[in-house]
Amino acid sequence: MPVLEMRGIRKEFPGVVALDNVDLTLEAGDVHMLLGENGAGKSTLMKILGGAYTKDAGDIRLNGQLVDIDSPRAARDHGIRVIYQELNLVPHLSVAENIFLGELPMRWGGIVDWRTLHDRTSALLQDLGVTLEPRAPVGRLGLAQRQMVEIAKALAPASARAPAGKAGSAGASAGQAGDAAILVMDEPTSSLTSREVTQLFALIERLTARGVTIVYITHRLDEVFRIGRRITVMRDGRHVTTKPIDQVTVPELVRLMANRDLSEHFPKVRVERGAELVRVEGLGVRGVLSNISFSLHAGEVLGISGLLGAGRTELARVIAGADRFDEGRLLVDGQVTRFRNPADAIARGIGLLPEDRKAQGFVPGLTVARNIALPHGRRLATLGVLSRRCEDDMAAPIIGDLRVKATATQPLRLLSGGNQQKVVLAKWLAGAGRIFIFDEPTRGVDVGSKVEIYNLMNRLTARGAGIIMISSELPELLGMSDRVLVMHRGRIQAELAREDATEERVLSAALGLAS
Amino acid sequence: MIRARQFGTLIGLVLLCAALWILTPHFLTASNLINVVEQTSINAIVAVGMTFVILSAGIDLSVGSIVALAGVVLGTSLQSGHPMVLALTLALATGAACGIGNGALISWGGLPPFIVTLGTMSIARGAALLFTEGRPVSGFDASFRVLATGRVGFVPAPVIGMAIVYAAAHFVLTRTTFGRYVYAIGGNEEATRLSGVSVRFHKTMIYGVSGLMSAIAAVMLTARLNSAQPIAGINYELDAIAATVIGGTSLMGGDGSLGGTLVGALIMGVLRNGLNLLGVSSFLQQIVIGGVIVVAVLLDTVLKRKHRT
């Protein structure tokens with residue numbers, strides 16, 4: 001009998017179906033690799049299993065019994081433990097305090113029983129074969145060790161609270177990681193060194209030997225074959241396949257993850273390539289980017305692909321003057337340039353559409369017209385006094401052009417995500433920009449608005465602008481780019497011409513496989 | 001929506017006045033009303049600077065101490081026989097410099113506004129005490145007192161001063177790039193920076209405005225008391241914050257207006273005046289005013305929450 005069966009799971013968010021009829025089956029002792037592109041629905045599925053989201057439809061069975069997981073607490077009580085991508089530890093507290101946070105052993109109704117806590121922690125860590133000092137503050141540990149603390153926390157017995165007095169002996173037995181049945185890890189190695197990865201894998205082996213079933217989400221295919229026993233591939237919120245590891249090959253996996261019906265239509269218009277606008281030579285930012293070289297020409301859309309954390313957004317911010325670089329050169333119109341701040345970049349005609357539009361793209365309380373006018377204050381004002389007419393005159397045609405469904409005087413926070421994104425675009429179109437950096441321009445945007453944004457890109461290139469488009473949506477990237485750069489761990493892994501760029505080739509490069 | 005919110009505060013002010021009119025016959029007389037506005041003027045002017053700062057998602061705790069320091073600079077300068085124009089210029093420059101110092105530490109030093117202005121609050125107060133050896137400064141020319149006692153028709157000079165300050169500040173806030181950046185920085189600092197606005201420069205100037213407003217208030221206070229006191233302006237920061245917040249400006253920044261702040265300052269002034277007329281003890285007054293602040297902000301929060309959902 002399978003340990004876990006998820007059947008027909010469905011989850012909708014406003015405007016998107018994140019999961020559509022997804023199945024997942026775990027056998028006892030499985031190390032199950034959950035694979036798929038960004039946005040395939042892996043994390044959403046695991047959040048449903050962990051009780052962080054509630055499903056809209058479908059069944060979950062544990063050991064054949066139908067269960068209702070409606071909260072993280074319920075998931076824990078059923079022996080399901082999830083370690084999310086971002087670690088959730090309190091740096092100033094000790095290893096022991098972090099592991100038993102919320103369930104600190106007490107005596108006399110409120111005094112922390114430190115001896116029991118430390119005994120219990122030592123027992124648990126020993127049980128897991130991890131060497132860590134229970135009293136060490138987590139903030140001083142390395143990333144791999146923190147990962148171990150997170151795992152120990154996930155595996156700590158759900159109700160460790162022993163009655164006061166029996167502290168010593170109860171501590172040892174309660175310290176065993178007995179009641180965790182399923183452990184989910186979401187990209188646990190994304191920030192670990194190879195030695196740390198080896199430590200983690202040894203721990204995973206010890207856990208499976210004791211009957212813990214593991215779900216492991218990763219983008220690193222080498223890991224899949226090192227520790228995986230079975231794989232499940234997801235794509236666009238659907239289940240694609242589940243197979244034993246010895247029945248798949250690397251190329252097959254890549255094809256399974258990438259392959260899709262290209263039903264979306266991209267209105268790409270190709271324009272003759274013009275002069276070189278931007279040239280980057282050996283650009284590096286310590287710890288983030290290294291040896292990045294490429295050029296952007298007028299009339300061209302340069303697509304940049306890569307997985308999360310590959311350095312795409314960091315590259316965009318450096319070119320837009322938002323962050324500094326440590327090595328290499330940046331040339332704009334053939335001139336060596338060093339931007340001190342975004343204002344310098346804007347003066348040279350560079351506009352950035354940031355990835356996180358809520359945090360970086362617009363001012364929610366200001367009106368549509370005022371947001372659009374924000375980068376152009378100096379041009380719209382005489383001796384610092386703004387002319388409202390000039391602002392409205394600037395905004396009106398662009399609002400119409402982009403079909404923003406709002407009036408110029410509405411505060412931006414009242415608009416839908418797609419319309420907000422159009423306003424952020426409009427901000428840059430209103431100026432004399434020639435170099436545009438669009439970081440995830442269609443994220444969270446409805447289909448109709450997407451097409452309008454694509455058309456707008458065509459118009460920009462037609463008038464001689466160059467566009468750098470960063471996108472995690474491969475069809476869009478391939479559909480709209482003239483060339484594609486693929487980044488992997490802060491480097492450019494591949495440069496592909498439009499004709500040569502296929503989903504499989506881009507994805508292989510993004511995974512660091514080919515060049 | 002912002003307008004509707006201000007309207008609500010205004011209704012509160014009108015209701016308060018109506019209640020006092022019923023409770024005491026002395027309240028709704030021309031002389032008393034003018035008196036209320038005159039007494040409100042100093043807090044109202046300090047609150048202008050505070051509104052700029054809070055709109056930009058900051059806070060300025062040093063305003064009261066800057067009032068004292070600018071006041072003793074003015075007083076000492078007048079006492080030693082400098083021309084009035086020079087004395088006024090020195091006082092205003094002192095206030096603006098303190099504010100710009102605050103702003104520079106906050107934007108270039110990357111320190112939290114709370115900490116920086118808390119430090120300045122103590123430093124400026126200490127400087128004022130040191131400068132005067134803790135004694136009040138007095139003995140000014142009669143021409144200086146006109147700033148407090150003068151009238152145009154029946155309107156006292158401080159009220160005229162307040163009106164000019166509000167008109168100018170409102171213009172700056174609504175019609176200039178600087179004013180626009182105040183809202184933009186408070187609403188989303190990173191988006192503003194990425195739009196090519198020099199956030200550091202403008203933040204520095206915002207605190208400069210606050211310091212300047214404190215200095216203007218210091219001039220009016222010194223004229224009214226006919227002496228400059230190093231212990232003047234204690235708790236002014238709290239009154240200014242209260243007026244701003246009662247006036248509907250969000251402590252999170254990016255949302256609010258000077259009209260609201262003026263109404264907020266008037267509510268506090270009317271309340272104090274009314275409680276005095278009713279013979280309420282000054283101890284009880286503090287409790288009532290504290291309660292009004294909390295209730296006003298509570299109402300605001302509840303109304304906004306309703307609006308969102």
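User: What do the domain bounds in chain A come from, and how far apart do the C-alpha centres of domain 2 and domain 3 lie?

Analyst: Domain bounds come from an automatic or database domain assignment. In this predicted model, chain A is divided on that basis into domain 1 (89-177), domain 2 (271-349 + 436-515) and domain 3 (363-431). The C-alpha centres of domain 2 of chain A and domain 3 of chain A are 25 Å apart, and their contact takes 9 residues from domain 2 and 9 residues from domain 3.

User: What makes up the side of domain 2 of chain A that touches domain 3 of chain A?

Analyst: Helix 17 of chain A supplies the largest share of that side, 4 residues, and by class the side has 5 nonpolar, 2 polar and 2 charged residues.

User: Which residues touch the most other members of the largest nonpolar core?

Analyst: This core has 228 residues, and Val46(B) and Val67(B) are the ones that touch the most other members. Helix 10 (residues 199-225) of chain B gives the most to the core, with 15 residues.

User: How do you know that Val46(B) is in contact with Val67(B)?

Analyst: Two residues are in contact if their C-beta atoms lie within 7 Å, and Val67(B) is among the contacts of Val46(B) outside four places in sequence, which also include Met213(B) and Tyr236(B).

How values were computed
Residues are numbered from 1 along each chain as its sequence is written. Chains are lettered from A and ligands numbered from 1 in the order in which they are written. This is a predicted model: local features need pLDDT of at least 70, side-chain atom pairs count only at pLDDT 80 or more; totals for chains, interfaces and linings use all residues. A nonpolar core is a set of buried Ala, Val, Leu, Ile, Met, Phe, Trp, Tyr and Cys residues joined through C-beta atoms within 7 Å. A residue is buried if 20 or more other C-beta atoms lie within 10 Å of its own, exposed if 12 or fewer, and partly exposed in between; C-beta atoms are placed from the backbone. Helices (H or I, at least four residues) and strands (E, at least two) are DSSP runs, numbered from the N terminus. Ala, Val, Leu, Ile, Met, Phe, Trp, Tyr, Cys and Pro count as nonpolar, Asp, Glu, Lys and Arg as charged, and the others, Gly among them, as polar.
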